[in-house]
Amino acid sequence: MLQRAITGSIFVAVLIGSVLFGPLSFTIFFSLVGVGCLYEFFGMVRQQQDVLPVRSLGLLAAIFLATALGWNHLQDLPIKYILSAIPIFCAIFIIPLYRGNAKPFHDISYTLGGLLYATAPFLCFVALGFVRGDYQPYIPLGFLFMLWSNDTGAYLVGRSFGRTKLFERISPNKTWEGFIGGLIFAVAVSAVMAHFHPILPLWQWIAIGLTIGIFGTLGDLVESMLKRTLGVKDSGNILPGHGGLLDRFDGLLISAPLVYVFLALI
């Protein structure tokens, strides 16, 4: 328990510091986390028989996209540099031809699916910091606060009052009472963010809180479904007492793209 608390405290401090220290540290740190999540994803998938994702090219594509899109936020980058990633994606389809693996399209699907599932959400999260044009650290920071408050509220309320199972087939411990509690906590934090950081109007902060409360929970369930499918307990062991990066950011994987789309469209 002590190890878990120490690891969690250090991890939270690093996340907050990377956001507040400036656009460069924010972009580099969370881009690297996205690449690290993909590495964990491939590690889980490779434990399956007859599945061999094109890991090297998948990671290269993730690094290339994170670098190109991240640099584009900091300084306008010609579109040709981003389009240069296309040959890498073409190679992901070609390499399995020469492997002789029994299920080559499974390999291709897991490679591309990993990029979409484990890396793309972090590129959207990085984009949240620049959605207003110049760097606004309190938008991604508020996102993290709401995500953590949703997890905390769901745990506290679910443990105290949880009776009705939310999705027993995937996660036996989650309850509807905990889900509602997490949603209330996330919306409450969104109202606090609107009061102290009115860079967004109240209704937009609340919409972000609702999105995180709903889809953060669904993201958690999706990652649980992935681990059950692959027969693994944790996505990794980089965080003692907490598992892997995917385990810590499961709520971000679906909610971050949706929050970014919401803010970009309005």
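At what angle do helix α3 and helix α6 pack, and how far apart are their axes?

Modeller: First, the ground rules. This is a predicted model, where local features need pLDDT of at least 70, side-chain atom pairs count only at pLDDT 80 or more, and totals for chains, interfaces and linings use all residues. Residues are numbered from 1 along each chain as its sequence is written, and side-chain values use heavy atoms, leaving out hydrogens and water.

Now the pair. Helix α3 covers residues 55-74, and helix α6 covers residues 104-128. (Helices are DSSP runs of H or I with at least four residues, numbered from the N terminus.) They pack at an angle of about 20 degrees, with their axes 10 Å apart. (Axes are lines fitted to C-alpha atoms over the stretch in contact, and angles run from 0 to 180 degrees between N-to-C directions.) That angle makes α3 roughly parallel to α6, a term for angles under 35 degrees. The crossing of α3 past α6 is right-handed: the near helix is turned clockwise from the far one by less than a right angle.

Who touches whom? Contact means heavy atoms within 4.5 Å. From α3 come Gly-58, Ala-61, Ala-62, Leu-65, Ala-66, Leu-69 and His-73. From α6 come Thr-111, Leu-115, Thr-119, Leu-123, Val-126 and Ala-127. An α-helix has 3.6 residues a turn, so residues three or four places apart point the same way.

What is the contact made of? Nine of its residues are nonpolar, four are polar and none is charged. (Ala, Val, Leu, Ile, Met, Phe, Trp, Tyr, Cys and Pro count as nonpolar; Asp, Glu, Lys and Arg as charged; the others, Gly among them, as polar.)

Another helix, α9 (residues 202-230), has 29 residues. Gly-231 follows α9, with a positive phi near 70 degrees.

Key
Helices (H or I, at least four residues) and strands (E, at least two) are DSSP runs, numbered from the N terminus. Angles under 35 degrees count as roughly parallel, over 145 as roughly antiparallel, 65 to 115 as roughly perpendicular and the rest as oblique. The expected span of a helix is 1.5 Å times one less than its number of residues.
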